[in-house]
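Subject: A structure to look through

Dear colleague,

I am passing on a structure that I would like you to read alongside the notes below. Please keep it open while you go through them, and look up each residue as it is named.

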Amino acid sequence: MSFFRTKILGTGMCYPQRVFSNDDFAKIIDTSDEWITERTGIKRRRFASLEGGEFPSDLAKGATEEALQNANLKPNDIDLIIFATITPDYRLPSCATILQTKLGITNQCAAVDIVAACSGFIYGVTMAHSMIQTGLIKRALVVGAEMLSREINLEDRASCILFGDGCGVAIIGRNEDANDPSEILTTKIGADGTGREFFQQEYGGSANPFTPEVLQTSARFMAMQGKEMFRVAVRTLTDISTSALEAANLKISDIHWFVPHQANIRIIEATGNRLGVPAEKVIININEYANTSAATVPTAFHGAVKAGQIKRGDLVLMSAFGAGLTAGSLVVRY
Ligand code: ACO
């Protein structure tokens, strides 16, 4: 069986219009810009309109249109949509099928949502990469999109300030040009289900459906054990990044850019220090957009491409961890 090389053909991002600053939070809960900035690195985030037009599939449409333009492709060139989200527009149908219609795709391409929390984009790229490598498909759209503002518990001031809404996408495709060095070199994904209680949302599923009583309480929202997540995050991000680099036969000093999941600036700094990545090689957007779960890695990557930091030919390490606990890492030559 022959294997095809794969590459990132194009990327895009889209955020809701509404900016919600730390000072805005200080008006509704007992907190301050100083506390949030110092503990998390976050200054502001975007919150989607509850009126519609900015649901995850809407943001994904905007981000995909940008990616298609960058890749010089048409919607019907996409053979597969993988939509990573923990906050889909609806329980049924999937965001991926809704997005297919919104993009005007008529080729009946496969479309599926995946739930891997903040590692969702890296899981999605890994799946797309393997299917393109083996020749099953030629091009895949991988989306990370969230509307976490719907799921935050305003009674828990240590967690509600961490999250935001947004979307980042990448179109992955075959690279059949032997003279083009762009390539997804290695991917690593994994999970440790024993860490489930560190970050979960217990209600709203089959085990604990919403009841009128639950809907009256904050039990319906996301709940996180911040200190435990912090500790596990640094270790997991370091381990999975090291493992992806080893599989690519590369050293950390070979890497031009590190694009980590944007959960907390102190997690990013601690991981960078452990890996030995100089601060100037680390891409950060948490200050502007907070933690957008599956959207942090693709938006940080796209933002850096757009700003002229990450260039074609650069070696990039992308790593994420999230609820589950899940983790993933990619090494790509962009
Ligand atoms: N404003 C002001 N004070 C606050 C706030 C707030 N928003 N939140 C908590 N505090 C107070 C607490 O009440 C506590 O006060 P006390 O000492 O008088 O009791 C004090 O600040 C310290 O609270 P801690 O919870 O110990 O604060 P910590 O330093 O652990 O920071 C934080 C909390 C920012 C949540 C940190 O634990 C963290 O970043 N954890 C990791 C979060 C994370 O990575 N999540 C990833 C999610 S996974 C994913 O992305 C899917």
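How many aromatic pairs does the count come to? Please bear in mind that this is a predicted model, and that in it the count comes to six aromatic pairs. One of them joins Tyr 15 and Tyr 289, whose ring centres are 3.6 Å apart and whose planes meet at 5°, so this pair is stacked. Because Tyr 15 sits in the loop between strand 1 (5-14) and strand 2 (18-21), while Tyr 289 belongs to helix 10 (residues 286-289), the pair ties together parts that are 274 residues apart in sequence. Both Tyr 15 and Tyr 289 are buried.

Another stacked pair is made by Phe 163 and Phe 199, with 5.9 Å from centre to centre and 10° between the planes. Phe 163 is found in the loop between helix 6 (157-160) and strand 7 (165-175), and Phe 199 in strand 9 (residues 199-200), so here the parts that are tied together lie 36 residues apart in sequence. Phe 163 counts as buried because its relative accessibility is 3%, and Phe 199 counts as buried at 10%; the cut-off for that word is under 20%.

Phe 20, Phe 25 and Phe 47 form one aromatic cluster. Arg 174 lies over the face of Phe 4, at 3.7 Å from the ring centre, and Arg 220 lies over the face of Phe 210, at 5.9 Å from the ring centre.

Next, please turn to helix 9. Which residues of helix 9 (residues 265-275) are buried? They are Ile 265, Ile 267, Ile 268, Thr 271, Gly 272 and Leu 275. When one looks down the axis of helix 9, these buried residues fall within an arc of 160°, so they line one face of the helix.

What do the buried residues of helix 9 pack against? Their partners are helix 2 (33-40), helix 8 (226-247), strand 11 (257-260), helix 10 and strand 12 (315-322). The two ends of the helix can be described too: at its start, a side-chain oxygen of Asn 264 reaches to within 2.7 Å of the backbone nitrogen of Arg 266, and just after helix 9, Gly 276 takes a positive phi of about 85°.

Strand 12, one of the partners of helix 9, contains Leu 317. Is Leu 317 buried or exposed? Its relative accessibility is 0%, and therefore Leu 317 counts as buried. Leaving aside residues up to four places away in sequence, Leu 317 touches a number of others, including Leu 245, Trp 257, Val 259, Leu 275 and Leu 330. Leu 317 and Arg 157, by contrast, are 32 Å apart in space, C-alpha to C-alpha, and 160 residues apart in sequence.

Thr 326 has its place in strand 13 (residues 326-333), and at 10% relative accessibility Thr 326 counts as buried. What does the side chain of Thr 326 reach at 2.9 Å? It reaches the backbone oxygen of Ala 116, and a polar contact of 2.8 Å also joins the side chains of Thr 326 and Ser 119. Among the residues that Thr 326 touches, not counting those up to four places away in sequence, are Tyr 123, Gly 190, Ala 191 and Phe 321.

Finally, a word on the cysteines. A disulfide is a covalent bond between the sulfur atoms of two cysteines, and the structure holds zero of them.

Notes: Residues are numbered from 1 along each chain as its sequence is written. This is a predicted model: local features need pLDDT of at least 70, side-chain atom pairs count only at pLDDT 80 or more; totals for chains, interfaces and linings use all residues. Side-chain values use heavy atoms; hydrogens and water are left out. Helices (H or I, at least four residues) and strands (E, at least two) are DSSP runs, numbered from the N terminus. Buried means under 20% relative accessible area, exposed over 50%, partly exposed in between (1.4 Å probe, protein chains only). A polar contact is a pair of N or O atoms within 3.5 Å; within protein, one must be able to donate a hydrogen and the other to accept it, and residues adjacent in sequence count only if both atoms are side-chain atoms. Contact means heavy atoms within 4.5 Å. Rings of Phe, Tyr and Trp (its six-membered ring) pair if their centres lie within 6.5 Å; planes under 30 degrees apart count as stacked, over 60 as edge-to-face and the rest as tilted. A charge sits over a ring if NZ of Lys or CZ of Arg is within 6 Å of the ring centre and within 35 degrees of the ring normal. The arc is that of the directions from the helix axis to the C-beta atoms. A disulfide is a pair of cysteine sulfur atoms within 2.5 Å.
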